[in-house]
Structure formats: structure tokens, C-alpha cells
Amino acid sequence: NNVVKIGKTVTFVELPGDEEESYQIVGSAESDAFNGKISNESPLAKALIGHGVNEIVTVGVAEAYDVKIVDIEFTA
């Protein structure tokens, strides 16, 4: 199943735009944004979890923004 969940690395673009970003979704104890790992409790991860490739999701923060999921892969 190709949906975003804990343990997977998701690549997305912030809309409008085309610059790709990738992060692995991890538990809060493992999070380290500078090394590409974000907590499953972060607003970005919460917005992405459960969605699939080519879906556009809204990240609910003070100034909400949309991202489009480009790729999802399992990270061992």
C-alpha cells in the first residue's frame, strides 16, 4: 500500500512550485528535521499521513499551505 505512514519517506512539492523536498516520518523521539526526519506529530506529517502519490493536501498551520505528494518509499 503506497500511502504515507510512519517509517516511510515522502517526497513532495510545496505549491505553487516545483522544488522537491523529502522527509522520513518517524516517532517524536527520533525526529531530526536537519537530517530529514520529521515527527509524526508535526503539522506537515499529520497532513501527509494516509495520503498517496499525486494527492494534494493542506498543511494546517497559521498560514496554511498546500503540498503535492510526488513519491513515497519505505525506509529500512
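**View 1. A patch of negative charge on the surface of the predicted model**.

**View 2. The largest nonpolar core**. The largest nonpolar core has 15 residues, and those with the most contacts inside it are Val4, Val10, Leu44 and Leu48. The elements that give two or more residues to this core are the strands β1 (8-15), β2 (20-26), β4 (56-59) and β5, together with the helix α1 (43-48). Helix α1 supplies the largest share of this core, namely four residues.

**View 3. The cis peptide bond at proline 16**. The peptide bond that runs from leucine 15 to proline 16 is cis, and its omega is near -5°. Proline 16 is found in the loop between β1 and β2, and with a relative accessibility of 84% proline 16 counts as exposed. Between proline 16 and lysine 68, which are 52 residues apart in sequence, the distance in space is 9.4 Å from C-alpha to C-alpha.

**View 4. Serine 39 in strand β3**. Strand β3 is made up of residues 37-39, and serine 39 has its place there. Is serine 39 buried or exposed? Serine 39 is buried, because its relative accessible area is 12% and the term applies to values under 20%.

**View 5. Asparagine 54 and its positive phi**. In asparagine 54, a residue other than glycine, phi has a positive value, near 75°. Asparagine 54 lies in the loop between α1 and β4, where its relative accessible area of 55% makes asparagine 54 an exposed residue.

**View 6. Glycine 60 in the loop between β4 and β5**. The loop that lies between β4 and β5 holds glycine 60, a residue that counts as exposed because its relative accessibility is 60%. Glycine 60 and valine 3 are 57 residues apart in sequence, and from C-alpha to C-alpha they are 19 Å apart in space.

**View 7. Lysine 5 in the segment before β1**. Lysine 5 lies in the segment that comes before β1, and with a relative accessible area of 35% lysine 5 is partly exposed. The C-alpha atoms of lysine 5 and glycine 36 are separated by 15 Å, and along the chain these two residues are 31 residues apart.

Conventions. Residues are numbered from 1 along each chain as its sequence is written. This is a predicted model: local features need pLDDT of at least 70, side-chain atom pairs count only at pLDDT 80 or more; totals for chains, interfaces and linings use all residues. Side-chain values use heavy atoms; hydrogens and water are left out. Patches are made of residues with over 30% relative accessible area and no salt bridge: like charges are joined within 9 Å, nonpolar side chains (Val, Leu, Ile, Met, Phe, Trp, Tyr) within 5 Å. Accessible areas come from the Shrake-Rupley method with a 1.4 Å probe; for residues, only the protein chains shown count as cover. A salt bridge is a side-chain nitrogen of Lys or Arg within 4 Å of a carboxyl oxygen of Asp or Glu. Lys and Arg count as positive and Asp and Glu as negative; His and the chain ends are not counted. The place of a charge is taken as NZ of Lys, CZ of Arg, CG of Asp or CD of Glu. A nonpolar core is a set of buried Ala, Val, Leu, Ile, Met, Phe, Trp, Tyr and Cys residues joined through side-chain atoms within 4.5 Å. Buried means under 20% relative accessible area, exposed over 50%, partly exposed in between (1.4 Å probe, protein chains only).
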